[in-house]
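Please consider the following structure together with its sequence.

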Amino acid sequence: MILTGCEITKEWETGRIDIRPFARNQVNPNSYDFRLGSTIRTYTDYVLDPSRPNETVAQEIPPDGLVLMPGRIYLGHTVEVMGSDHYVPIIRGKSSTARLGLFIHVTADLIDIGSHNQWTLQLNPVQPIRVYPHMLIGQVTFWRVMGEIVLYKGKYQGSMGPQGSLIHLDWPRDGHGLGE
């Protein structure tokens with residue numbers, strides 16, 4: 001079951017939902033709006049390889065905005081540190097952002113229970129779009145879980161700012177693809 005905005009606020013007040021900083025005007029009927037942080041990372045190579053580290057470069061989004069171009073993935077981050085040891089967060093673009101053709105999470109919308117950090121956003125524009133630091137860009141919903149809770153202890157725990165992929169850490173040491 002999804003939590004209502006009122007329940008998100010109550011659970012934040014008890015500490016069962018972590019949102020820092022928290023702004024009551026960002027609470028919606030069944031979600032919480034989050035903002036785009038001020039740093040964007042891009043990969044230096046056009047062809048990306050999951051078997052090795054892929055170098056990124058960071059740049060600050062200027063106050064007058066940064067134009068994102070189609071055909072590239074941009075790694076942004078949330079201003080807010082968010083997470084929960086009691087609920088599963090799921091992120092989505094705001095409908096207003098989506099109507100401008102900006103995907104904010106490509107396919108990674110499920111946040112593991114127990115993951116607390118600024119979340120990396122995988123920004124993918126379908127046409128050129130200007131983004132601004134601290135703009136409202138997406139929303140998070142919180143879902144009740146069934147069964148034993150095992151908290152996330154993965155490689156992105158505690159991340160601040162946009163993080164490049166660490167999939168190479170999961171790659172088999174023998175150099176062959178998974179399943180061989």
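The paragraphs that follow take these topics in turn.

The model is predicted. Proline 89 is found opposite phenylalanine 142 of β11.

A further set of pairings involves strand β3 (residues 39–43). Of the five residues of β3, four are buried, so this strand is largely enclosed by the rest of the structure. The threshold for burial here is a relative accessible area under 20%. β3 pairs with strand β4 (residues 56–60) through five bridges, and the two strands run antiparallel. Isoleucine 40 has glutamine 59 in β4 as its bridge partner. β3 also pairs with strand β6 (residues 74–83), again in the antiparallel sense, over two bridges. In that pairing, threonine 42 has tyrosine 74 of β6 as its bridge partner.

Attention now turns to helix α1, which spans residues 5–14. Which residues of this helix are buried? They are Gly5, Ile8, Thr9 and Glu11. When α1 is viewed down its axis, these buried residues fall within an arc of 170 degrees, so they line one face of the helix. Cys6 and Thr14, on the other side of α1, are exposed.

The last topic is the space left open by the protein. Rolling a probe the size of a water molecule over the atoms shows where empty space is left. The largest pocket has a volume of about 600 Å³. Its lining comprises 27 residues, and those nearest the centre of the pocket are Ala108, Thr120, Gln122, Tyr156 and Gln163. Which strand contributes the largest share of the lining? That share, five residues, comes from strand β9 (residues 117–125). By residue class, the lining of the largest pocket consists of 13 nonpolar, 12 polar and two charged residues.

Terms used. Residues numbered from 1 in each chain as written. Predicted model: local features only at pLDDT ≥ 70, side-chain atom pairs only at ≥ 80, totals over all residues. Heavy atoms only, no water. 1 Å grid on protein atoms, 1.4 Å probe; cavity = no way out; pocket = protein on both sides within 12 Å on 5 of 7 lines; lining within 4 Å. Points joined across faces, edges and corners; volume = space filled by probe spheres on them. Nonpolar A, V, L, I, M, F, W, Y, C, P; charged D, E, K, R; others polar. Pairing = 2+ DSSP bridges. Buried < 20%, exposed > 50% of the residue type's maximum accessible area, 1.4 Å probe, protein only. Arc of directions from axis to C-beta.
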